[in-house]
Amino acid sequence: MGDEGPGSTVHLLCLAASSGVPLFCRSSNGGAPSRQQLPFSVIGSLNGVHMFGQNLDVLIVGLEELTNIRNVERLKKELRASYCLIDSFLGNSELIGDLTQCVDCVIPPEGSLMQETLSGFAEASGTAFVSLLVSGRVVAATEGWWHLGMPEAVLLPWLVGSLPPQTARDYPVYLPHGSPKVPHRLLTLTLLRGLELCLLCGPRPPLGQLDPQLLERWWQPLLEPLRACLPLGPRVLPEGFPLHSDILGLLLLHLELRRCLFTVEPSRDKEPSPEQRRRLLRSFYTLVVTTHFPPEPGTAEKEEDAVHPAQRPRACYVVLGPGMGWQLVALQLGLRLLLLMLSPQSPTHGLRSLATHTLQALTPFL
């Protein structure tokens with residue numbers, strides 16, 4: 001896989017370790033990933049590179065060594081089920097869990113009622129692992145779902161968000177952390193277009209057991225709150241949530257719960273475009289977690305805090321170059337890390353105060 005920077009083409013190539021035969025190839029320049037076949041001359045070159053690396057006993061870790069798959073053509077067919085997910089990672093996604101390894105969430109209206117209904121529905125369905133998703137983001141989830149390990153907690157909502165719309169699905173999934181060899185069933189049920197119930201289970205319950213009467217019993221009384229969740233896909237925050245007018249985008253992470261809120265919808269009438277805002281916030285996140293703030297809390301870091309609290313930064317900001325003037329500020333308080341993108345007119349001396357007030361407003365929800 002190669003990336004030459006913003007706007008460049010990204011290539012993703014998977015080879016069979018035993019032969020160097022390409023299993024699949026993707027390329028994307030920020031738009032829809034393409035699936036063009038490689039020329040025969042390129043395949044020959046790849047075989048040569050493969051032999052070189054194999055002779056040096058370094059450089060290649062193949063799928064066969066990990067799963068003992070011997071039939072390349074069969075593997076290529078099996079990989080087709082993952083194409084939508086792979087393409088969504090290469091495309092210009094509105095989510096950020098691939099970078100943060102935190103679950104993308106939204107703040108729903110009637111959150112307590114939504115959670116209570118979801119728990120009752122899960123008990124009636126006979127599984128402890130249930131979530132409600134809007135456009136690949138978690139609206140509400142059972143305790144069992146939240147206890148899923150990484151990376152499946154991020155991958156499962158992302159997978160559902162990448163699939164074509166369907167009324168119901170019974171989808172076999174392997175959990176990379178929890179069950180890498182034995183598949184589970186991922187059942188999805190569409191309540192409203194873009195709003196789906198997800199159940200992770202074993203052989204039971206059968207999909208037919210989740211009949212319309214069961215769905216109507218639990219979810220018909222919440223029809224209006226469910227409809228109010230539909231705009232939360234890109235917006236994340238409910239209508240009327242008090243955000244400062246200078247805010248163009250935000251990313252809030254809870255480093256212990258591994259959940260996040262990410263939106264570039266505020267003040268859509270202002271520059272830059274949502275795509276550029278997402279790109280800038282992703283780059284700024286990479287900068288701050290590698291330079292100033294650790295990506296997750298740990299024992300060593302807590303001990304260091306106790307000994308040298310004054311040496312650890314709590315905030316940082318960046319002002320973009322001439323002709324732009326957009327400002328990016330990061331603030332970490334306890335287990336929460338907040339990143340904001342602000343318009344040029346926001347005074348630099350007030351950045352930390354604005355970030356602090358925004359974090360305080362969001363803290364009850366994450």
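Two strands are said to pair if DSSP finds at least two bridges between them, and the helices (H or I, at least four residues) and strands (E, at least two) named here are DSSP runs numbered from the N terminus. The structure is a predicted model, in which local features need pLDDT of at least 70 and side-chain atom pairs count only at pLDDT 80 or more, while totals for chains, interfaces and linings use all residues. Residues are numbered from 1 along each chain as its sequence is written, and side-chain values use heavy atoms, with hydrogens and water left out.

By that criterion, β4 and β8 run antiparallel and are joined by six bridges, with S131 standing opposite C198 in β8. Both strands belong to an open sheet of five, ordered β5-β4-β8-β7-β6 with antiparallel pairing. Its edges are formed by β5 and β6 (168–175), each of which pairs on one side only, and from one strand to the next the twist averages 30°. Helix α8 (residues 152–162) packs on this sheet, touching β4, β5, β6, β7 and β8, and its direction makes about 150° with that of β6; contact means heavy atoms within 4.5 Å, and axes are lines fitted to C-alpha atoms, for helices over the stretch in contact, with angles running from 0 to 180 degrees between N-to-C directions.

Helix α6 (residues 111–125) has 15 residues and reaches 21 Å from its first C-alpha to its last, close to the 21 Å expected at 1.5 Å a residue, where the expected span is 1.5 Å times one less than the number of residues. Its residues M114, T117, L118, G120, F121, A122 and S125 are buried, that is, under 20% relative accessible area with a 1.4 Å probe and protein chains only. These buried residues pack against elements including β4 (129–134), β5 (137–141) and α9 (212–219). Just after α6, G126 takes a positive phi of about 85°.

Technical notes. Buried < 20%, exposed > 50% of the residue type's maximum accessible area, 1.4 Å probe, protein only.
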